[in-house]
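This report looks at how parts of a protein meet. Keep the structure open while you read.

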Protein chains: 8
Amino acid sequence: MDKANIKKILQGVKDGSINMDDAVEELKKLPFEDLGFAKIDEHRNIRNGFPEVIYAQGKTVEQVKAITKKLMEKNNNIMATRAGKEVFEGILEITSDAVYYETAKIVVVKKRDIAKSDKTIAVITAGTSDMPVAEEAAVTAEVMGNTVNRIYDVGVAGIHRLLAKMDEIMAANVLIVVAGMEGALASVVAGLVDKPVIAVPTSVGYGASFGGLSALLTMLNSCASGIGVVNIDNGFGAGYLAALINKL
Amino acid sequence: MDKANIKKILQGVKDGSINMDDAVEELKKLPFEDLGFAKIDEHRNIRNGFPEVIYAQGKTVEQVKAITKKLMEKNNNIMATRAGKEVFEGILEITSDAVYYETAKIVVVKKRDIAKSDKTIAVITAGTSDMPVAEEAAVTAEVMGNTVNRIYDVGVAGIHRLLAKMDEIMAANVLIVVAGMEGALASVVAGLVDKPVIAVPTSVGYGASFGGLSALLTMLNSCASGIGVVNIDNGFGAGYLAALINKL
Amino acid sequence: MDKANIKKILQGVKDGSINMDDAVEELKKLPFEDLGFAKIDEHRNIRNGFPEVIYAQGKTVEQVKAITKKLMEKNNNIMATRAGKEVFEGILEITSDAVYYETAKIVVVKKRDIAKSDKTIAVITAGTSDMPVAEEAAVTAEVMGNTVNRIYDVGVAGIHRLLAKMDEIMAANVLIVVAGMEGALASVVAGLVDKPVIAVPTSVGYGASFGGLSALLTMLNSCASGIGVVNIDNGFGAGYLAALINKL
Amino acid sequence: MDKANIKKILQGVKDGSINMDDAVEELKKLPFEDLGFAKIDEHRNIRNGFPEVIYAQGKTVEQVKAITKKLMEKNNNIMATRAGKEVFEGILEITSDAVYYETAKIVVVKKRDIAKSDKTIAVITAGTSDMPVAEEAAVTAEVMGNTVNRIYDVGVAGIHRLLAKMDEIMAANVLIVVAGMEGALASVVAGLVDKPVIAVPTSVGYGASFGGLSALLTMLNSCASGIGVVNIDNGFGAGYLAALINKL
Amino acid sequence: MDKANIKKILQGVKDGSINMDDAVEELKKLPFEDLGFAKIDEHRNIRNGFPEVIYAQGKTVEQVKAITKKLMEKNNNIMATRAGKEVFEGILEITSDAVYYETAKIVVVKKRDIAKSDKTIAVITAGTSDMPVAEEAAVTAEVMGNTVNRIYDVGVAGIHRLLAKMDEIMAANVLIVVAGMEGALASVVAGLVDKPVIAVPTSVGYGASFGGLSALLTMLNSCASGIGVVNIDNGFGAGYLAALINKL
Amino acid sequence: MDKANIKKILQGVKDGSINMDDAVEELKKLPFEDLGFAKIDEHRNIRNGFPEVIYAQGKTVEQVKAITKKLMEKNNNIMATRAGKEVFEGILEITSDAVYYETAKIVVVKKRDIAKSDKTIAVITAGTSDMPVAEEAAVTAEVMGNTVNRIYDVGVAGIHRLLAKMDEIMAANVLIVVAGMEGALASVVAGLVDKPVIAVPTSVGYGASFGGLSALLTMLNSCASGIGVVNIDNGFGAGYLAALINKL
Amino acid sequence: MDKANIKKILQGVKDGSINMDDAVEELKKLPFEDLGFAKIDEHRNIRNGFPEVIYAQGKTVEQVKAITKKLMEKNNNIMATRAGKEVFEGILEITSDAVYYETAKIVVVKKRDIAKSDKTIAVITAGTSDMPVAEEAAVTAEVMGNTVNRIYDVGVAGIHRLLAKMDEIMAANVLIVVAGMEGALASVVAGLVDKPVIAVPTSVGYGASFGGLSALLTMLNSCASGIGVVNIDNGFGAGYLAALINKL
Amino acid sequence: MDKANIKKILQGVKDGSINMDDAVEELKKLPFEDLGFAKIDEHRNIRNGFPEVIYAQGKTVEQVKAITKKLMEKNNNIMATRAGKEVFEGILEITSDAVYYETAKIVVVKKRDIAKSDKTIAVITAGTSDMPVAEEAAVTAEVMGNTVNRIYDVGVAGIHRLLAKMDEIMAANVLIVVAGMEGALASVVAGLVDKPVIAVPTSVGYGASFGGLSALLTMLNSCASGIGVVNIDNGFGAGYLAALINKL
């Protein structure tokens with residue numbers, strides 16, 4: 001309920017067209033979102049240039065299609081994450097604007113132009129196996145209007161590969177570090193820069209990596225300051241958080 | 001080794017006062033920090049207005065005093081975290097500029113004025129027992145030049161207490177959410193704002209909280225986007241990361 | 001052995017038709033269930049309007065059919081939980097009274113009318129992916145004679161969606177909260193009502209959700225009072241417990 | 001903000017004493033608690049006969065005294081849980097109405113009479129070491145107006161001790177089962193009754209009990225239906241939940 | 001209720017001195033233990049030569065003394081486990097028959113002679129630090145009437161020490177293997193003999209021994225057959241089980 | 001090397017047919033097994049009536065066939081555990097003496113008669129889903145010459161079903177208790193008898209059963225004495241240990 | 001950048017053909033690897049006789065082929081680990097020099113002769129199921145120029161099998177011990193020799209082996225000195241480390 | 001039993017002074033250690049220059065003194081690890097040769113000169129808090145005859161500090177890396193050198209470091225090759241293993 005609506009009620013009270021008790025009841029039942037204190041998802045996204053997001057995993061193609069259709073009415077950009085090829089093909093049936101980022105497993109339906117930020121988000125990976133998660137982060141950030149610099153396969157076991165990228169690393173405004181196995185890259189990167197680092201542990205590894213637990217603990221226990229950690233394999237979450245920060 | 005030094009060697013080569021082989025050796029041994037690619041902690045801190053930080057836990061009072069003395073030579077601000085009262089008293093013996101933040105367990109030696117940021121960092125806690133960790137975050141952020149708004153004891157079990165603070169919450173540029181036990185507050189806050197949220201699980205709780213593991217997992221698995229998590233009880237890390245972000 | 005049987009033995013002792021030593025032996029061997037101190041499953045279910053329950057998982061269709069057939073002799077309602085479509089089709093072969101609740105994966109064979117309770121059980125979910133577990137709970141409660149109000153997809157990341165349902169939530173006599181990932185919904189709901197809340201963690205999530213462990217710990221550590229937790233994904237258990245409470 | 005206040009604003013709008021824009025702003029800022037959708041702790045407790053609760057652990061005696069003083073103004077009953085003897089003595093200094101339940105570690109300040117429920121809550125323990133947790137549950141339930149029947153030391157390793165109490169067990173309306181080590185008692189009890197069972201794992205045990213984890217998992221995995229589990233050692237939570245149920 | 005009692009009731013029915021309905025009620029209320037199906041602890045212990053056992057940990061000296069006094073009425077042997085010196089001194093005050101096994105932390109009150117079994121129980125430890133647990137097992141077994149052969153400090157890191165004891169090891173009828181750290185000794189011993197082996201993991205170790213978890217898992221996963229495992233540090237349980245087996 | 005061989009060497013030394021240095025070398029190289037201190041698997045099995053055992057899991061049918069063939073030369077009984085139907089069919093190709101126990105997944109090749117013990121091993125399960133593990137235990141014990149009494153589906157949630165079997169339970173010499181989920185049955189049984197109980201946790205369950213961890217911890221923490229635990233799902237290990245004990 | 005290049009710049013400075021400021025910039029931008037402080041993978045491998053290594057798991061056959069092709073240009077030996085048969089067949093298409101080690105799942109492309117070390121690396125396994133991991137270690141060591149002695153199936157449950165191999169075990173310069181389940185073999189071997197032992201836990205086992213965790217903990221907690229542990233199933237890592245040591 | 005002894009027996013057989021049956025018995029009972037296949041601790045230590053080692057933790061001062069006294073008879077060097085000051089003072093009472101390494105908590109009784117190896121073992125730590133563990137490793141290695149180079153406080157959060165030590169790092173023959181918290185240093189170091197790296201996780205840290213688990217997992221999952229891991233805080237084990245390797 002926006003101001004206009006509240007005013008209308010008050011006007012009705014004033015001119016006697018609305019009974020006062022009815023007005024009280026009306027005002028007391030105000031849905032929360034109308035009071036302005038809850039974030040209005042619909043408007044905020046468009047205002048911020050943020051896309052609508054569909055988490056496709058665990059949904060049928062038909063379900064994703066239906067949600068996409070409904071969201072398309074708002075004329076905003078849409079992204080479906082954790083989407084297999086069959087999801088992309090399903091969405092293609094309802095709109096030709098869909099683009100598929102295969103490694104990232106993201107479908108993007110582009111309804112509006114996406115501005116590019118001046119400041120760069122660097123997405124850095126330890127190994128090539130971390131790429132799917134890194135791409136989920138990178139594409140998410142890009143669809144949210146950010147310039148992304150991908151710096152892949154610079155894990156700490158070959159520190160010279162990382163150091164050779166120092167210029168690019170120090171030029172970034174926000175950094176996303178994606179690493180599985182021992183996940184040590186986040187500490188090294190955070191030690192080199194004085195910008196916020198978002199660490200994404202991946203489930204890459206075997207044995208005592210325990211599905212990403214090893215990298216997760218490494219990142220949480222980093223002796224370097226300036227690191228925020230997201231869930232294992234949560235590339236989307238990292239890209240989203242980086243976009244929030246880069247927009248400040 | 002700054003430009004001047006390299007130039008001096010080159011000049012020596014040019015005018016023949018330095019043998020070429022010696023020059024090669026000299027240049028090959030260049031300590032890394034001199035080449036400019038590694039962040040020069042000493043200068044960066046002062047340039048950024050960041051304080052020198054001493055992690056006092058596990059150090060004797062004498063050790064902390066010695067480090068403080070040495071750091072004081074740089075004429076920069078200094079903060080000692082996880083510092084008991086005896087540490088504060090020890091530092092007082094070498095400088096009267098020391099101030100003690102008892103709940104935060106932080107000693108600050110203020111050598112330079114600390115500017116206050118225009119944008120606010122909100123520090124929000126679920127319960128009163130989370131206050132020591134929250135204060136560690138808040139004081140850290142303040143010493144790093146930020147305006148901090150403390151919003152304490154607004155846990156999700158009484159959601160109206162939280163909602164009553166909506167204006168303050170939505171006014172913040174960066175938010176730090178500190179919660180133990182089930183740690184659910186981070187999700188609720190992140191769902192209300194579109195600013196970066198730094199979540200700090202605390203070890204407050206008993207039984208199946210397993211020393212903060214419960215809150216940590218909650219925060220990592222948040223269904224709300226825009227959350228970065230730090231280690232259990234790591235108030236300093238949260239304050240530092242928030243300061244980095246708020247400075248962008 | 002009911003009273004009648006004991007009386008018959010005593011009568012035999014009295015009139016001499018039963019030797020006293022034989023009577024002693026007979027009485028000492030009384031199967032436990034006959035003494036009345038153990039709950040007589042067969043009678044209790046019918047008396048309470050509770051159905052017979054078959055846990056179909058890990059049983060072959062033939063096994064479930066055989067058990068169903070045998071239970072049908074008692075002329076009581078029957079429900080088979082964790083039942084795939086092939087189980088339903090198998091049961092259909094022996095009775096046309098079978099109904100299949102697909103999302104809940106429950107087959108119900110209705111032999112008696114199910115009364116509807118006046119008091120409502122609310123089943124609340126955080127996300128749409130929690131629906132299968134929620135439906136298992138809801139259908140279980142319904143088959144046990146309860147009026148159920150489903151309030152789905154009101155997770156804490158969008159607190160306004162939850163608050164918009166306040167009236168329905170406060171009208172419930174018992175509440176079942178179903179949530180995966182961070183599982184924070186139970187705390188928020190329990191903080192809003194003063195009725196018993198049954199919390200069901202689900203295995204929805206990935207990475208550090210560790211198969212539902214995250215939501216489970218969250219719910220156990222809730223800072224809100226009035227919550228009882230059941231096993232991960234145990235919709236049936238929640239529905240059953242809610243029915244027991246709602247019947248009081 | 002109650003009806004009266006809203007009406008006053010509307011009246012002001014009607015008679016022109018309040019500017020319409022001011023009224024809109026006033027109404028938009030309505031604190032949440034005033035809208036009636038959030039549970040008003042202060043009133044509810046008195047209405048329900050529930051006491052005010054102070055979690056004393058981690059608070060200084062002075063803090064508990066201060067809170068107690070403030071709560072005493074409402075003239076409601078007060079209970080402080082996890083309270084050592086020094087807390088009791090502190091409270092005694094401000095009111096002679098304080099009573100100390102030593103095993104339960106609960107201080108009760110009784111300002112109003114506590115009605116006794118007709119229906120009984122049974123509190124059952126496996127061993128004598130589980131008594132402190134059981135007493136926390138029992139006293140909590142009693143202070144909340146319930147009749148409690150204590151059935152202690154009837155663990156499953158001597159099943160006859162449990163069965164000898166069958167009458168009392170079956171007479172209860174709600175049952176709280178408190179057990180450490182293997183925690184099997186909850187399953188056995190839930191199999192005997194058709195009333196809700198609240199299971200409280202305790203940290204009693206050593207070695208592979210892992211601080212109560214063993215009992216916790218046992219209770220969550222019970223093959224008996226009708227069990228809700230609370231946190232390890234959470235006697236208060238069990239007593240509170242039982243009281244909520246018994247009040248229905 | 002023994003046969004005599006049942007007969008008396010039947011006699012009453014027969015001769016009319018007992019009303020039949022009363023008899024039915026009487027018989028239905030038969031306490032479980034009277035029916036003979038529950039093990040009568042009091043008689044069994046004496047018949048088997050088993051002592052009464054008091055688990056002293058977590059009990060006050062006064063409590064242990066009170067229980068001891070009561071048990072002494074049965075004129076059976078008594079043992080108190082996990083008993084500190086102060087417990088022993090307390091018991092000494094009520095009986096001069098008490099003996100203290102310091103390493104085992106067991107007090108024994110000997111009221112009857114303890115027969116010695118022909119067949120030997122071997123108690124084997126990996127290191128000297130495992131001795132307290134081993135002694136708890138050994139003394140328990142001895143008090144229960146067994147001949148015990150202690151073979152200590154023969155861990156697998158010096159396999160020759162173990163093999164040098166082959167004769168004694170192969171002569172045992174039951175073997176208890178006590179080991180912390182990696183706990184490998186149980187496998188090696190079970191591979192050498194064809195007698196039952198009871199494995200007791202101890203909490204001896206540090207770091208990744210995780211309080212005995214390492215040894216526990218080792219013993220459970222043994223590739224040798226014929227091993228039963230008890231809880232970490234549960235020397236009493238091992239001694240008791242060995243005594244049960246040795247008695248067969 | 002048996003006595004005869006050693007004597008032969010000594011005789012050679014005595015009569016000079018063997019050079020002394022050669023004799024020394026010969027004696028120093030004595031393979032361990034020849035010295036009698038290592039258990040001679042080949043002979044022991046036949047002497048004890050124990051079968052040869054092949055752990056078929058992870059082996060190809062061809063590998064199992066090859067091992068079977070070789071073992072058949074010793075003319076001893078053979079059992080292959082964790083054997084699928086295809087393994088049985090493979091073995092059938094080389095001997096018609098093979099019998100398949102489908103639920104137990106055991107193939108037995110019977111070359112010698114198996115004596116039946118006088119004393120009975122009871123195999124008790126909590127639920128029907130525990131049957132495969134129970135059958136592995138039961139068949140193993142039978143093939144090792146024991147009389148087995150199967151008492152299935154008597155879990156603690158229906159204690160009367162268990163108590164109704166009291167006579168059979170108390171008649172057993174050794175008891176194997178097989179249970180998943182909360183695994184409480186072992187404690188109850190051990191509390192009823194004074195014979196050794198071997199507890200087998202199973203991976204039956206879901207959610208917080210964590211693949212059998214719940215039942216495992218329950219059994220290790222049992223408050224009843226006289227229980228030895230084997231690995232999760234290790235029916236063979238339980239049957240083997242029970243056979244060792246029953247043979248004493 | 002090698003000495004020659006640095007000299008060239010200095011020469012240019014000396015003879016004036018290079019401007020001094022340009023020289024400073026050039027020297028400051030020296031890529032890290034050129035300064036000699038980072039290990040030059042390309043040269044080191046050939047110098048040491050080490051092969052290029054491709055971790056094939058998670059890579060498509062096409063990707064492995066492409067990497068192989070590129071690496072073949074250096075004319076060094078190549079090994080692809082965790083390579084299925086289809087990987088081997090793919091590589092065969094580009095070079096006939098490929099050899100497949102099926103159990104080890106390693107493809108070797110031999111471009112240079114591999115010298116054999118004088119000192120032996122012993123690879124010892126507890127069971128036959130540990131062979132794939134052991135072969136990965138053995139083949140890795142061989143391809144890196146080492147003489148390997150395989151001693152398989154000598155687990156601690158039959159200690160005589162191990163002791164019968166004493167001569168071979170004591171002759172090794174480095175020992176790799178591969179064991180799953182309880183993993184006790186490493187301790188026994190390390191207790192017998194005074195050479196470095198590399199312990200490889202394997203995921204062989206079930207139930208409480210928790211995917212190799214049991215063996216891992218055992219090896220880390222060994223009471224024998226001289227053991228270094230690698231990740232679960234990490235045969236390659238063990239072979240590589242052993243080769244590094246054997247080369248000293 | 002050495003050759004001489006065997007020969008004596010054979011001689012006795014030959015000349016008839018020993019009865020043949022007695023000789024057979026004598027030979028069959030040969031203690032294992034006499035056959036030469038078990039490592040003769042006493043001689044090996046002296047031959048290798050290895051000290052006798054006493055693990056003082058959990059031993060009384062009197063016990064350590066007694067063991068020291070007995071070991072001193074062999075005239076070999078002795079070291080007591082995990083020894084508090086009171087242990088040192090106790091040993092001083094029996095020998096003035098004792099030296100105390102306070103940070104390492106090691107007492108050394110030097111009876112023989114310790115040769116210094118040509119090749120260096122580098123002991124590297126991430127932080128200053130890791131020093132006690134590092135010193136345990138360093139002193140152990142030194143007492144075992146090695147030249148040790150300590151490189152402390154070069155953690156990955158300030159990679160330039162590490163790289164500044166490149167020369168020393170690359171000059172080492174074996175490297176011990178000691179790190180707590182995230183433990184990433186081992187990967188970085190192993191990536192820089194081609195020498196064996198022994199990684200020692202420490203329990204330094206808090207929260208999600210879980211007593212060293214985080215660093216342990218990091219080191220086990222290292223993407224760098226050539227790392228062997230020892231138990232958390234096991235400086236002695238690392239020093240011992242490094243000494244074994246350096247001696248090759």
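How many residues of domain 1 of chain A are in contact with domain 2 of chain A? The answer is 14, and they meet 14 residues of domain 2 of chain A. Keep in mind that this is a predicted model. The domain assignment places domain 1 of chain A at 31-109. It places domain 2 at 120-247. The C-alpha centres of these two domains of chain A are 25 Å apart.

Together, domain 1 and domain 2 of chain A bury about 1200 Å². Carbon and sulfur atoms account for 71% of that area. Which residues of domain 1 of chain A lose the most area to domain 2 of chain A? They are A:Phe50, A:Arg82 and A:Thr103. Together these residues make up 41% of what the domain 1 side buries.

## Charges and polar pairs between the domains

Side chains of opposite charge can pair when their charged atoms come close. Between domain 1 and domain 2 of chain A, the count is 1 salt bridge. A:Arg82 also forms a salt bridge with A:Glu136. Their closest N and O atoms are 3.1 Å apart. The interface of the two domains of chain A also has 2 residue pairs in polar contact.

Which elements of chain A each supply at least two residues to the domain 1 side? They are helix 3 (41-48), strand 2 (78-81) and strand 4 (106-109). By class, the residues on this side of domain 1 of chain A are 8 nonpolar, 4 polar and 2 charged.

## Chain H meets chain G

Now move from domains to chains. The same surface serves both copies, as 97% of the contact residues of chain H recur in chain G.

The contact takes 36 residues from chain H. Chain G gives 35 residues. About 2800 Å² is buried between chain H and chain G, with 65% of it from carbon and sulfur atoms. How many salt bridges does the rule find across the interface of chain H and chain G? It finds 0 salt bridges there. It does find 3 residue pairs in polar contact between chain H and chain G.

## What chain H brings to the contact

Several elements of chain H give two or more residues to the side that touches chain G. Among them are helix 3 (41-48), helix 8 (166-171), helix 9 (185-192) and strand 9 (227-229). Which element of chain H gives the most to this side? Helix 11 of chain H does, with 5 residues. By class, the side of chain H that touches chain G has 22 nonpolar, 8 polar and 6 charged residues.

## Salt bridges over all chains

Step back to the whole structure. A search finds 70 salt bridges over all chains. One pair to look at is in chain B. The side chains of B:Lys85 and B:Glu102 meet in a salt bridge, 3.7 Å from N to O.

Where do these residues lie? B:Lys85 is in helix 5 (residues 85-92) of chain B. B:Glu102 is in the loop between strand 3 (98-101) and strand 4 (106-109) of chain B. The pair therefore ties together parts of chain B that are 17 residues apart in sequence.

Methods:
Residues numbered from 1 in each chain as written. Chains lettered and ligands numbered in written order. Predicted model: local features only at pLDDT ≥ 70, side-chain atom pairs only at ≥ 80, totals over all residues. Heavy atoms only, no water. Contact = heavy atoms within 4.5 Å. Domains from an automatic or database assignment. Buried area = accessible area lost by both parts, 1.4 Å probe. Salt bridge = Lys/Arg side-chain N within 4 Å of Asp/Glu carboxyl O. Polar contact = N/O pair within 3.5 Å; in protein donor to acceptor, adjacent residues only side chain to side chain. Helix = DSSP H or I, 4+ residues; strand = E, 2+ residues; numbered from the N terminus. Nonpolar A, V, L, I, M, F, W, Y, C, P; charged D, E, K, R; others polar.
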